[in-house]
2 protein chains.
Amino acid sequence: MTGLIGVDWGTTNLRAYRFDGSGAVIERRSSTRGAATLAREDFAKVLVETVGDWSDGATTPIALAGMVGSRNGWREAPYLPCPVDPARLASAGLRVETPIGAAVIVPGVSVTAAGAIPSVMRGEETQLFGAGNRDGLVILPGTHSKWVTMRAGKIVDFATAMTGELYALLRDHSLLGQLADATAAFDEAAFSLGVRRTLTAKSIVPLLFSARADVLLGNLGPQDVASYLSGILIGGEIGALGRGPATLIGAPQLVDLYRAAFAIYGLHDIATVDGDDAVARGLWYIGEHL
Amino acid sequence: MTGLIGVDWGTTNLRAYRFDGSGAVIERRSSTRGAATLAREDFAKVLVETVGDWSDGATTPIALAGMVGSRNGWREAPYLPCPVDPARLASAGLRVETPIGAAVIVPGVSVTAAGAIPSVMRGEETQLFGAGNRDGLVILPGTHSKWVTMRAGKIVDFATAMTGELYALLRDHSLLGQLADATAAFDEAAFSLGVRRTLTAKSIVPLLFSARADVLLGNLGPQDVASYLSGILIGGEIGALGRGPATLIGAPQLVDLYRAAFAIYGLHDIATVDGDDAVARGLWYIGEHL
């Protein structure tokens, strides 16, 4: 194989990787031209502008993962129901013609089993396969955190917690946020208090409002609200979905927050994988199956 | 006693009641001049404009409940920690001078016990005492639903679920809301599905995102999203806080939704009290103790 051009094309950003024939990343680029910022007809142009000089003229394969394949992206690559492995993902890839050769859009993955809570992912499947976990629980924290069960190298089931989005909604638009100091730095004590309370409360439902009550009662200051809320939401996510050893994939700062919350839950057997490395390896791994 | 003027002065509305000497409501008025719409110096003027003609000139007692007593209201009436009964509430009332005589602002109530989740209420305490439940669980659903334990006529403990506020945040500001038809009518099947799923999922955490996934997967239509979300949130509230027989206080439409969700949880022993009647009786009851 003559190398690969891989792009993790998310909602707000894109990250591009140039691979040599051995799968080593020899160059990286990123931009803010995410899928949500582009009209359908702009994707080809942006691809050429971003990585056109990496192409040897139509023979270097191109793999695109993430929201580029959503309904509002370049073209919709329908979700594949679990269980899914990289070969199946690659063979279901959607071929699009571009000025620098054919590209394949990696499909998302869905949970559609009877009785399960329906869910979808798009982009995370590529990170997951790049992280290389063949069995066990893998967590991708973020706007919509994914808790994924892997078995024999397949994604067999997953759940989604809207932790990052709820945090932003509550901080920016709620009555809790009105009492928060928006410029405050992270406060570890407030974060830990939030996590600890999810241990005893068992649910975030009666806890969220305490981010307001504690300020009105003088127990927390405005500078504590955001960190306390973060602790409630991450602790509540672990309380609802956690069950023993796991691997965290993500940016180091976010992964560290989750590790701190897991430790309060008495779970110390948590491995970590850098999210950026995982997505690059995943693009290569799927590219090999093209 | 020469009658009473009672005002439930909330964030966005005020409701005023004129009582005769026997406690019967002989006139009602309401307006949108809620506490959040007024500067501190406007409250006296609005009181006179709204109910000035009901006063006999400084001898008719006036009781004010709700956000009028908050930090951003007319004057702050600090929260009384549980346990609280009407006599204690009345004796801790904050006296303010008005052009139509002295008025008393009813304090809010707080949960501050060690180990409890801190919470506050302001206005609901008046509805509660008006509903007349001396023992058991009383629920006031709404923006910030209150689940209150009464014992021997006292409020002894309560929890708050941000159900109404979360619903509005998710519908109006989230990625879930982007897929919703904002003009859709209530859909009972979608609401029931949401409630039923909280029964098996045990937590709203992995459920909320299904309001997006189910639309992307074609299981729900845009017209179902808001009702489905409402079912998840009300079901999740009952799942986290419900425990046997209860009394619901509120507007008939909202109370009916909760009764439907309780029925799915197998709880049919749910009494109801009209919220407007309860607040009027509560103002009279506290007024008697002034």
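**Entry 1. The open sheet of chain B**

In what order do the six strands of the open sheet in chain B stand? I am working from a predicted model. I read the order as β3-β2-β1-β4-β7-β6, with mixed pairing. I then looked at the edges. β3 (25–31) and β6 (94–98) of chain B stand there, and each has a single partner strand, so one side of each lacks a neighbour in the sheet. From one strand to the next, the twist averages 20°.

I took one pair from this sheet. β1 (residues 4–9) and β2 (residues 14–19) of chain B run antiparallel and are joined by six bridges. I looked up the partner of Gly6(B) and found Tyr17(B) in β2(B).

Next I asked what lies across the sheet. Helix α1 (residues 43–51) of chain B lies across β1, β2, β3, β4 (62–65) and β6 of chain B. I note an angle of about 125° between α1(B) and β1(B).

I started from β11 (residues 145–151) of chain B. Is this strand mostly covered or mostly open? It is mostly covered, as six of its seven residues are buried.

I followed its pairing to β10 (residues 136–140) of chain B. The two strands run antiparallel, with five bridges between them. Val138(B) stands opposite Val148(B) of β11(B). The two strands form a hairpin, and four residues lie between them.

Then I followed β11(B) to β12 (residues 154–161) of chain B. This pair is also antiparallel, and I list seven bridges for it. Thr149(B) has Asp157(B) of β12(B) as its bridge partner. This hairpin has two residues between its strands. Ala152(B) takes a positive phi there, near 50°.

**Entry 2. Positive phi in chain A**

I looked for exceptions in chain A. Ala152(A) is one of them, with phi near 50°. I placed Ala152(A) in the loop between β11 (145–151) and β12 (154–161) of chain A. Its relative accessibility is 48%, so I count Ala152(A) as partly exposed.

Lys202(A) also has a positive phi, about 70°, and is not a glycine. I found Lys202(A) in the loop between α6 (188–201) and α7 (210–216) of chain A. Is Lys202(A) buried or exposed? At 72% relative accessibility, Lys202(A) counts as exposed.

**Entry 3. Cis peptide bonds**

Again the background first: most peptide bonds are trans. I checked the bond from Cys82(A) to Pro83(A). It is cis, with omega near -5°. Pro83(A) sits in the loop between β5 (80–81) and α2 (86–91) of chain A.

I turned to chain B for the bond from Cys82(B) to Pro83(B). That bond is cis, with omega near -5°. Pro83(B) falls in the loop between β5 (80–81) and α2 (86–91) of chain B.

**Entry 4. A buried glutamine**

I picked Gln127(B), which belongs to helix α3 (residues 124–131) of chain B. Its relative accessible area is 14%, under the 20% cut-off, so Gln127(B) counts as buried. What does its side chain reach at 3.0 Å? I found the backbone oxygen of Gly275(B).

I listed the residues that Gln127(B) touches, leaving out those up to four places away in sequence. They are Arg15(B), Leu140(B), Ile249(B), Gly275(B), Ala278(B) and Val279(B).

**Entry 5. The largest nonpolar core**

This core has 83 residues. Which of them touch the most other members? I wrote down Leu166(A), Leu170(A), Leu208(A), Leu166(B), Leu170(B) and Leu208(B).

I followed up Leu166(A). With neighbours within four places in sequence left aside, Leu166(A) is in contact with Leu233(A), Leu166(B), Leu170(B) and Leu208(B).

**Entry 6. How the two chains relate**

I laid chain A on chain B.

Definitions and conventions:
Residues numbered from 1 in each chain as written. Chains lettered and ligands numbered in written order. Predicted model: local features only at pLDDT ≥ 70, side-chain atom pairs only at ≥ 80, totals over all residues. Heavy atoms only, no water. Buried < 20%, exposed > 50% of the residue type's maximum accessible area, 1.4 Å probe, protein only. Pairing = 2+ DSSP bridges. Core = buried A, V, L, I, M, F, W, Y, C linked by side-chain atoms within 4.5 Å. Contact = heavy atoms within 4.5 Å. Axes fitted to C-alpha atoms, helices over the stretch in contact; angles between N-to-C directions. Polar contact = N/O pair within 3.5 Å; in protein donor to acceptor, adjacent residues only side chain to side chain.
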